[in-house]
Amino acid sequence: MNTTVDAVIVGGGMVGLSLAVASAEQGLSVALIEPHRAEPVAPQPSQFAPRVSAISPHNRQWLTQLDAWQRIPAARVCAYPAMRVWDGQGQGAIEFHASEVGAEQLGQIVENHWITQALWERVDALPKVQQLIGRRLQEWRVEPDGVAIELDDGSRFQAAVLAGCDGKFSGIRQQAGFATREWDYGQTALVTSIRHSAPHAHTARQVFLDTGPLAFLPLSDDSGSQHWSSIVWSADTSRAETLFALDDAAFLAELNRASEGCLGEIEHSDRRFRFPLAQMHSVDYIQDRLVLLGDAAHAIHPLAGQGVNLGFRDAEVLAQEWGRAKRLQLSCGDSAVLRRFQRRRQTHNLTTMAAMEGFKRLFGSPHPLAVLARNLGMQGLASQRWAKRAIIEAATS
Ligand SMILES: Cc1cc2nc3c(=O)[nH]c(=O)nc-3n(C[C@H](O)[C@H](O)[C@H](O)COP(=O)(O)OP(=O)(O)OC[C@H]3O[C@@H](n4cnc5c(N)ncnc54)[C@H](O)[C@@H]3O)c2cc1C
């Protein structure tokens with residue numbers, strides 16, 4: 001059977017799910033293809049999943065509008081109004097407070113699976129979203145007035161547009177031959193949850209070590225007297241592999257040394273996971289009847305906690321453009337509609353990625369001049385209120 005929908009969305013990660021919800025809210029009929037749907041998780045008072053995201057105030061607001069944020073248990077969300085950044089090799093340190101830009105929070109730390117689960121709940125309640133779980137995109141063919149899509153179980157769809165939200169290694173991007181720019185940092189991120197003796201005081205922390213940045217993200221302490229944070233320790237791959245291979249006691253010793261006691265004593269660390277770090281940007285996000293978003297279009301160093309935040313902004317803007325097209329009785333795959341999306345998103349994504357790349361080069365370098373520059377930079381910055389405000393505004397948007 002050949003089913004006709006406005007859009008086929010490939011990938012039910014955080015970005016694809018949010019696009020499905022936002023598009024259905026705009027009146028589109030959508031088919032969502034995702035090979036794996038994770039089972040719902042019961043709240044666990046003191047155990048945290050290893051993957052967390054710092055969600056910006058803008059995206060929290062948008063997820064609330066989608067009626068998704070409210071579904072995340074409040075006890076699993078940790079708001080942080082402050083961030084402290086310091087140089088592990090020098091004297092520089094700087095603190096950012098949301099109050100400096102009249103905001104309440106810099107962001108909220110949430111385990112990824114709660115965000116995904118909240119969005120699946122919304123998808124379940126939307127008849128306009130047809131769920132194709134356990135299936136994969138097999139092939140597609142662009143036709144004059146749409147795109148013909150076939151899944152691995154032989155089912156067929158006719159859509160005005162195909163949206164690739166299939167992540168960093170996007171098969172759609174590769175098969176369609178989108179050109180990309182890629183930077184391999186030669187770094188790997190270690191991710192885990194840690195328990196520490198001192199409260200985190202709802203402050204995110206980041207120390208720049210000579211091998212790369214180490215971030216401490218505060219986790220909810222609603223569950224009682226224990227204090228937990230998530231860490232993202234980005235290091236040159238050989239160093240990361242050494243850290244990964246250490247036994248728990250030796251790893252804790254390294255972590256305690258690197259953290260300089262900022263959370264008291266780090267007493268426990270959960271199982272460690274590692275992610276190779278690379279930055280990738282697709283030169284174009286669109287082709288005829290085809291659009292890429294989220295990590296499929298751009299993967300960014302986790303240093304700034306911006307990856308899924310950029311992806312959510314992509315989904316918000318694309319759903320707006322599709323809603324506008326519907327109202328104007330245009331096809332959602334019309335090239336003018338897709339070009340508007342690309343224009344609106346590419347500049348913002350590129351600016352953020354370029355800033356992160358510069359930051360990475362400056363702070364990631366062990367060169368003495370870079371160390372001096374970053375110390376001067378941090379101390380200079382600390383006294384420049386306008387520059388601090390600009391950084392905070394960028395981080396919270
Ligand atoms: C260590 C680390 C820390 C991070 N911290 C932050 C942070 O604090 N804040 C932040 O904003 N970002 C952060 N990020 C980035 C963030 O995790 C990603 O940007 C985000 O997960 C991308 O979401 P996505 O939906 O685009 O892609 P993915 O999460 O990769 O989802 C892609 C989906 O597509 C599906 N798929 C793949 N192939 C197919 C196919 N052929 N057919 C159908 N479906 C398919 C997959 O099953 C998957 O569900 C971090 C990343 C790392 C590595």
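Analyst: Two strands count as paired if DSSP finds at least two bridges between them. With that in hand, and keeping in mind that this is a predicted model, we can turn to β9 and β10, which a hairpin joins through two residues.

User: How many bridges hold β9 and β10, and in which sense do they pair?

Analyst: Strand β9, residues 137–143, and strand β10, residues 146–151, pair over six bridges in the antiparallel sense.

User: And which residue in β10 stands opposite Glu143?

Analyst: Opposite Glu143 you will find Gly146 of β10.

User: OK, on to β5. How many residues lie between β5 and β6 in their hairpin?

Analyst: There are five residues between β5 and β6 in that hairpin. The two strands, residues 82–87 for β5 and residues 93–97 for β6, are antiparallel and share five bridges, and within this pairing Met83 has Phe96 of β6 as its bridge partner.

User: What about β5 and β13, parallel or antiparallel?

Analyst: Parallel: β5 pairs with strand β13, residues 203–209, over six bridges, and Val85 has Gln206 as its bridge partner in β13.

User: What is the strand order in the open sheet of three strands?

Analyst: The order is β3-β7-β4, and the pairing is antiparallel. The edge strands are β3 and β4, each of which pairs on one side only, and neighbouring strands in this sheet are turned by 25° against each other on average, with direction ignored.

User: Which residue of β7 is the bridge partner of Ala79?

Analyst: That partner is Gln108 in β7; β4 and β7, the latter covering residues 107–111, form three bridges in the antiparallel sense.

User: Switching topic, where does Arg76 sit, and is Arg76 buried or exposed?

Analyst: Arg76 lies in the loop between α2 (57–65) and β4 (78–80). Arg76 counts as buried because 23 other C-beta atoms lie within 10 Å, whereas the cut-off for that class is 20 or more.

User: How far is Arg76 from Val110 in space?

Analyst: Their C-alpha atoms are 6.4 Å apart, although the two residues are 34 residues apart in sequence.

User: Now the ligand. How many residues surround the ligand, and which are the closest?

Analyst: The ligand is surrounded by 33 residues, the closest being Gly11, Gly13, Gly167, Gly294 and Gly307. The elements that give two or more residues to this shell are α1 (14–25), β2 (30–34), β3 (52–55), β12 (180–196) and α7 (307–327).

User: Which of those gives the most, and what is the make-up of the shell by class?

Analyst: The most come from α7, with four residues, while the shell as a whole has 14 nonpolar, 14 polar and five charged residues. At least three residues come from each of domain 1 (2–39 + 114–182 + 278–359) and domain 2 (52–110 + 185–276 + 383–396).

User: Let's stay with α7. How many of its residues are buried, and why does its length agree with what a helix should span?

Analyst: Helix α7 is mostly covered, with 15 of its 21 residues buried. Its length agrees because, at 1.5 Å a residue, the 21 residues should span 30 Å, and the end C-alpha atoms are 31 Å apart.

User: What comes just after α7?

Analyst: Just after α7, Gln329 takes a positive phi of about 60°.

Technical notes. Residues are numbered from 1 along each chain as its sequence is written. This is a predicted model: local features need pLDDT of at least 70, side-chain atom pairs count only at pLDDT 80 or more; totals for chains, interfaces and linings use all residues. A residue is near a molecule or strand if its C-beta atom, placed from the backbone, lies within 6 Å of it. Ala, Val, Leu, Ile, Met, Phe, Trp, Tyr, Cys and Pro count as nonpolar, Asp, Glu, Lys and Arg as charged, and the others, Gly among them, as polar. Domain bounds come from an automatic or database domain assignment. A residue is buried if 20 or more other C-beta atoms lie within 10 Å of its own, exposed if 12 or fewer, and partly exposed in between; C-beta atoms are placed from the backbone. The expected span of a helix is 1.5 Å times one less than its number of residues. Axes are lines fitted to C-alpha atoms, for helices over the stretch in contact, and angles run from 0 to 180 degrees between N-to-C directions.
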